[in-house]
Amino acid sequence: MMLSIKNLHANIEGKEILKGINLEVNAGEVHAIMGPNGSGKSSLASVLAGRENYEVTEGEVWLDGKNLLDMKPEERAREGVFLAFQYPVEIPGVSNINFLKTALSEIRTHRNLPQLSAKEFLKMTREKQELVEFEAKLANRSLNQGFSGGEKKRNEVFQLAMLEPKLSILDETDSGLDIDALRIVSSGINKLRSTENAFVLITHYQRLLEYIVPDFVHVLYNGQIVKSGNKDLALELEEKGYDWLKEEFHGNAALNGQ
Amino acid sequence: MDNKMKKLSKSPLYQQLVDAYNQRNSDGNATQEREQAFTAFVEKGFPSNRDEDWKFTNLAPFLADEYSFDLQQPAAAVLENAVQHARIPGLESYVLVLVNGKINGSLSILPDASCFKLKQLSEVSDLNYFNTYKSEHVGAGNRMLALNTALFNEGYLLEVPDSVIWDKPLHIIQFFAGEQNLFIQNRNVLVMGRFAGLEVIESVISLQNGHKLFVNNVTQVRVAEQASLIQYQIQHNQAEDRLVNFLEVVQEKISRYDHFSFNLPGAELIRNNLEIVLNGSATETHLMGLYLVGDHQLTDNHTAIHHLFPNCDSNEIYKGVLLGKGKAVFNGKVFVERPAQKTNAFQQNNNLLLSDKAQVFAKPQLEIFADDVKCSHGCTVGQFDPESLFYLRSRGIGEDSARKLLVEAFMFDVTQRITNEPVKEYVQSLIYEKMENSFADTNTSVYG
C-alpha cells in the first residue's frame, strides 16, 4: 500500500469540508476522483499536500508507512508527494532554473542521491522537456511568468517529470487546456507512469480519462467518497450526471437516520 | 529667548556645538556661508518631528547622549587589520583610506598620479571652497546640513581630470575613532571632469570599541559634461553607529550618474539625504536602494531629483525588507521644472514586511510643472505571498530556502542592476547572513 487515507476529516475556517474520506492507492495505479463542484476534491488535494489553512480534525494518512499528516509540505514533497496545482502561481524574480535546481537538490539530499552537476542538470532538463513535449524557454525567465494558462499546466507536468515523485496528485490539470494540449499533457503523464508510482487525477471531465485510463474512479460528494468503480463509472457519470448519486446518498443518509 | 530656544539650549550637545563654533571663529573671520549656516542652526536647533522632513525620524534620543569632539589616532596594527577586514572579497580595486577625515597615504592604494588630484579639505581655504562648490540650490532649511556647513573641518577633495577613466574601481574606506562617544562632521568633494569615468565604493567604519559614533557627513559630487560616475554606498554598521548623510550631486549635460545605497543592519540610525540636481540636458540618473532593517533600527532615505533641463531621464528603485521591530522611512521627491520638457522620471518603492511589528513610512512626492513628460511612481507595502511560499515548499524547498528565494526575487529589480559582480555577491551575502540570523531569532514568534 502506497497511500492509505482513513476516515479523513478536515475543516477550513471552521467549516467541515472533508467528512470521512477513505481511500487506498497502490503503486502502479491510477485513481480518478470526480464529483460535482464544491464536493471537496481540491480540498482533498490541498490537505494531502499540506496546505496550511486546512485543519485536519480526524483520521489518518499514511504514505509508505509514514504519517503524512505529521510532515511539513516540503517534507511531504521530499517523501514523494507531488501536487500539480489547479492554479500555478507566477513568481516574478525567481528563475525557473534556479527554482528547479533548488527543489531537485533538496529532494535529492533527502533521498540520499548524489547532487547533479550543472551539466547533468541541464541534460535532465532537456530530456524531461522533450519527454513531456514542453517547449517553453525556461532559461532567463521567472517562474511561470508570461506563461499562458496552458503553459503553466504543462510546466506542472514538466516539474513532475523532473522531481520523480511516488504519488502525483493532479488537481484539474485538464481544465483550461485545449484538445491538443490535453493530448500532449496526457501523453506526458502516460510516459511517466510506472509500476513504482501512482497518480490521483482530480477532474470534472471524462475526456481526460479517455487519454489516461484510470484503474479506479471515485465519486466525491459532500466530503465523502460515495461511489467507487472502474473506468466505466466515469462514462456512466458523463451520461447521467451526478443527481442519481446525490439522491442515493441522501436516501442512505435518511435510512441511517442522519 | 522663547520656550523653544530654552528647550534647545538644554541639550548639552547643542551648547557644545555653539561653543565650538564661537571658539573656532574667535577672530571673527568666518565666511558668510559659515555664518549664515551657524545662525540657521542656532535659531532653530536640531531638526525635530515638527519638521516635515523629519516627521518620522526623531533625532532627539540619538542626540541626548554625551558626545565629545576629541579624535583619536588608532594604532597602526589596528588600522591595517581594519582595512583588511573592510575590503570586499574578490574585488580588485584602488583604496583610499581616511581616518577621521584625514587621508592615510600608507594604507591607500592609488593609481598613477596623472589619474587624479587629491587634497585634504583643510588645505583649501574656506573662501576658495565656498566660491568653487556653492550649494545654494538645494538643502535650504536642512539644519543638519547647516550644522555641517558651519563646522566642517576635514574630509577629502578628489578630482578626476578630464577624459580620465579609471581602470579599476575605488574603494573609499572611512574610519572614525575617538576617545569616547564621538560626534564628527566631515565634508567630502568628488569632482568628475569632462568625459571622466569612475566607480566608487564607500564604507564608513567605526573604530569606537563600543562607544557611540554620530557622523553628520556631507558629500558634494560634481559630474561634468559627458562624465560618468557609479557610486556604491555600503552601510554595514554597528548598533552604536548613527549615520546622517547628505549627498548632493550636480550633473552637467549628457552625464550619467548611478547611485546604489545598501543599508544593512545594524546601525541604530541611518538617515540618507540624496539631492540630485540635473543641471544640463540629456542626463541619465539611476538611484537604486536596498534597505534591510532589523530590530531597533531606523533607516530613513530621503531622495530628491531636480529636473531643470529638457530630455533628462531619471530612474529610481528603492526596495526595503523589514525584520523584527525595524522601522523604515522612504521619501522620494521628483521635481520637474517648467523648462524640463521630454523628461522621463520613474520611481518605485516596494517594502516587504517580514514581521507584524515592523513599520514603514513611505511617501512618493512628484511635483511636475512641465507638460510634455513621462513620469510615474509606485509604492507598495506587503508581506510574503502565502501561496508563493506554499508553492515553493510543495516542491520540496524548505521554508528558509523558500523565503530566501522570495526575498531574492523581491530585490531582483535592484540587484540585477549591480554590474560589479564582487560587490553584488558581497552585498547579497551580507543580506542573507543578516536575514538568516533574524529568522533564527524570530522563527517561532513571527511565523509559528
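## The six-stranded sheet of chain A

Let's start with chain A, where six strands make an open sheet of mixed pairing, in the order β6-β9-β10-β3-β11-β12. Its edges are β6 (81-84) and β12 (224-229) of chain A; each has a single partner strand, so one side of each lacks a neighbour in the sheet. From one strand to the next, the twist averages 20°. Do keep in mind that this is a predicted model.

Within this sheet, strand β3 (residues 30-34) of chain A runs parallel to strand β11 (residues 216-221) of chain A, and four bridges join them. If you want a spot to look at, A:Ile33 stands opposite A:His218 in β11(A). Helix α1 (residues 41-49) of chain A packs on it and touches β3, β6, β9 (167-171), β10 (198-202) and β11 of chain A, with its direction at about 145° to that of β9(A). Helix α9 (residues 243-255) of chain A also packs on the sheet, where it touches β11 and β12 of chain A; its direction makes about 65° with that of β11(A).

## The four-stranded sheet of chain A

Chain A has another open sheet, with four antiparallel strands in the order β2-β1-β4-β5. Here the edge positions belong to β2 (15-25) and β5 (66-67) of chain A, each with a single partner strand, so one side of each is left without a neighbour in the sheet.

Strand β1 (residues 3-12) of chain A and strand β4 (residues 54-63) of chain A run antiparallel and are joined by eight bridges. In this pairing, A:Leu3 stands opposite A:Leu63 in β4(A).

## A helix pair in chain A

Next, have a look at helix α5 (residues 149-163) and helix α6 (residues 179-192) of chain A, which pack at an angle of about 5° with their axes 10 Å apart. That angle makes α5(A) roughly parallel to α6(A). On the α5(A) side, the contact is made by A:Gly150, A:Lys153, A:Arg154, A:Val157, A:Leu160 and A:Ala161, and on the α6(A) side by A:Ala181, A:Val185, A:Gly188, A:Ile189 and A:Leu192.

## Where the chains meet

The contact between the chains takes 20 residues from chain A and 17 residues from chain B. On the side of chain A that touches chain B, the elements giving two or more residues are α2 (73-79), β7 (91-95), α3 (96-110) and α5 of chain A. Of these, α3(A) gives the most, with five residues.

Helix α8 (residues 386-393) of chain B has buried residues at B:Leu389, B:Phe390, B:Tyr391, B:Leu392 and B:Arg393. Their cover includes α2 of chain A together with α9 of chain B.

Strand β8 (residues 197-206) of chain B has seven of its 10 residues buried, so it is largely enclosed by the rest of the structure. Strand β5 (residues 170-176) of chain B runs parallel to β8(B), joined to it by seven bridges; here B:Ile172 has B:Glu202 as its bridge partner. β8(B) also pairs in the parallel sense with strand β10 (residues 228-236) of chain B, over seven bridges, and B:Leu198 stands opposite B:Leu229 in β10(B).

Helix α9 (residues 399-415) of chain B has 17 residues, which at 1.5 Å a residue should span 24 Å; its end C-alpha atoms are 23 Å apart, in agreement.

## Backbone details to check

Most residues other than glycine have a negative phi, and most peptide bonds are trans. A few places in this model depart from that pattern. Phi of A:Asn112 is near 55°; A:Asn112 sits in the loop between α3 and α4 (118-131) of chain A and counts as exposed, with 6 C-beta neighbours inside 10 Å.

B:His296 likewise has a positive phi, of about 55°. B:His296 lies in the loop between β14 (284-293) and β15 (298-307) of chain B, and with 13 C-beta neighbours inside 10 Å it counts as partly exposed. Finally, a cis peptide bond with omega of about 10° joins B:Pro265 and B:Gly266, and B:Gly266 is found in the loop between β12 (256-264) and β13 (269-278) of chain B.

Methods:
Residues numbered from 1 in each chain as written. Chains lettered and ligands numbered in written order. Predicted model: local features only at pLDDT ≥ 70, side-chain atom pairs only at ≥ 80, totals over all residues. Expected span 1.5 Å × (residues − 1). Pairing = 2+ DSSP bridges. Axes fitted to C-alpha atoms, helices over the stretch in contact; angles between N-to-C directions. Contact = placed C-beta atoms within 7 Å. Parallel < 35°, antiparallel > 145°, perpendicular 65-115°, else oblique. Buried ≥ 20, exposed ≤ 12 C-beta atoms within 10 Å, placed from the backbone.
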